[in-house]
Amino acid sequence: MKILEVKNLEIKLRESNKEIIKNISFSMEENTCLGILGESGSGKSVTCKSILNILNKNFDVKGKIIFNGKNLLECKEEEMRKIRGKEICMILQNPMTSFDPLYTIENQMIETFLEHKNFSQQEAVNLAKESLEKMRLKDIDSILKKYPHELSGGMLQRIMIAIAIALKPKLIIADEPTTAIDSLNQKDIIEEFKILKNEINASILFVTHDLGILSYLADNLIVMQNGKIVERGTTSEIINNYKHEHTNFLIETRRALMKKFKEVAD
Ligand SMILES: Nc1ncnc2c1ncn2[C@@H]1O[C@H](COP(=O)(O)OP(=O)(O)OP(=O)(O)O)[C@@H](O)[C@H]1O
């Protein structure tokens, strides 16, 4: 069954009428990982933001984004707020921006769980601990007492993934979640995404310019250039038998990176 269908999505900047996304369509089956590969500026982030309906009024968005049978572009803000976090979680590039610097990890995890689930305080604390254990983190009690600035980017990203596991969303959108993290920690993060996919049967939309990561995680790929999809297929089809010159460019320039990533992963 399809979890997400993006149909004829067009996004323009209202003021300049500049077309950012030029009539793209794609869909995702349940429990699969779709990778969006593209260079900086190709429109990956704007596409993700449009799915969550979080683009501001400067953008004019047309088309349909069907999730669970509903067109998200027609949903009222109140309805979207219930979908975000609970049914669709987003994991961002810089985990520091996802946490409030003024509160401990425990406070933030508990608040998120209480907002989305009908839990007692104690149940929320238990869920926080349980989900951090699943991320194979040690000294969980001490992590919970820390403020975001006291933890590394890699650690915060794993906590974000732990929160997603606990909320059991149907779809996770990960926008360059490893960019701000060094390559050793990247390997751990990618493993956590695998756990996430298997543990909660979530579908993952994974955005990156790094083919090495997608070759490891994604079932299917779309390649974007200048707001258009220039190539699509299964990950192995694209890696072994790409047709478009832009894919060639991305693959060849990333081969070295891919090799580096595989060395770290093995
Ligand atoms: N707030 C904004 N105002 C004006 N133009 C924007 C805004 N956000 C994005 N754009 C433009 O939209 C296009 C697509 O940007 P987007 O951030 O989606 O690219 P991307 O593929 O995600 O790149 P990156 O990997 O650097 O995040 C770019 O040309 C960018 O300049």
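Helices here are DSSP runs of H or I with at least four residues, numbered from the N terminus. I keep that in mind for the entries below, and I note that the model is predicted.

**Entry 1: helix 1**

I looked up what follows helix 1 and found that Asn-53, just after it, takes a positive phi of about 60 degrees. Most residues other than glycine have a negative phi. I then checked how covered helix 1 is: six of its eight residues are buried. I wrote down the buried ones as Lys-44, Val-46, Thr-47, Cys-48, Ser-50 and Ile-51.

**Entry 2: the ligand**

Which element gives the most to the shell around the ligand? I found that helix 1, residues 44-51, does so, with three residues. I counted 13 residues around the ligand, and the closest are Ser-40, Gly-41, Lys-44, Ser-45 and Val-46. By class, I sorted this shell into four nonpolar, five polar and four charged residues.

Next I looked up distances to oxygen atoms of the ligand. A backbone N or O atom of Gly-41 lies 2.8 Å from such an oxygen. For Ser-42, a backbone N or O atom is 3.1 Å from an oxygen atom of the ligand. Lys-18 uses its side chain instead, with a polar atom 3.3 Å from a ligand oxygen. I also noted that the ligand on its own has 630 Å² of accessible area, and the protein covers 62% of it.

**Entry 3: the largest pocket**

I looked up the largest pocket and found about 660 Å³ of space in it. It is lined by 24 residues, and those closest to its centre are Gly-85, Ser-98, Thr-112, His-116 and Met-160. Where does the largest share of the lining come from? I found that helix 3 supplies it, with six residues. Strand 6 (88-91), helix 3 (105-116) and helix 6 (153-167) each give at least two residues to the lining. By class, I have 13 nonpolar, seven polar and four charged residues in the lining.

I checked Asn-8, which sits in strand 1, residues 2-13. Asn-8 is not a glycine, yet its phi is positive, about 45 degrees. Is Asn-8 buried or partly exposed? Its relative accessibility is 45%, so I count Asn-8 as partly exposed.

I found Asn-31 in the loop between strand 2 (19-29) and strand 3 (33-38). Asn-31 also has a positive phi, of about 60 degrees, without being a glycine. Buried means under 20% relative accessible area and exposed means over 50%. Asn-31 has 38% relative accessibility, so it counts as partly exposed.

Terms used: Residues numbered from 1 in each chain as written. Predicted model: local features only at pLDDT ≥ 70, side-chain atom pairs only at ≥ 80, totals over all residues. Heavy atoms only, no water. Near = heavy atom within 4 Å. Polar contact = N/O pair within 3.5 Å; in protein donor to acceptor, adjacent residues only side chain to side chain. Areas by Shrake-Rupley, 256 points an atom, 1.4 Å probe, with all protein chains shown as cover. Nonpolar A, V, L, I, M, F, W, Y, C, P; charged D, E, K, R; others polar. Buried < 20%, exposed > 50% of the residue type's maximum accessible area, 1.4 Å probe, protein only. 1 Å grid on protein atoms, 1.4 Å probe; cavity = no way out; pocket = protein on both sides within 12 Å on 5 of 7 lines; lining within 4 Å. Points joined across faces, edges and corners; volume = space filled by probe spheres on them.
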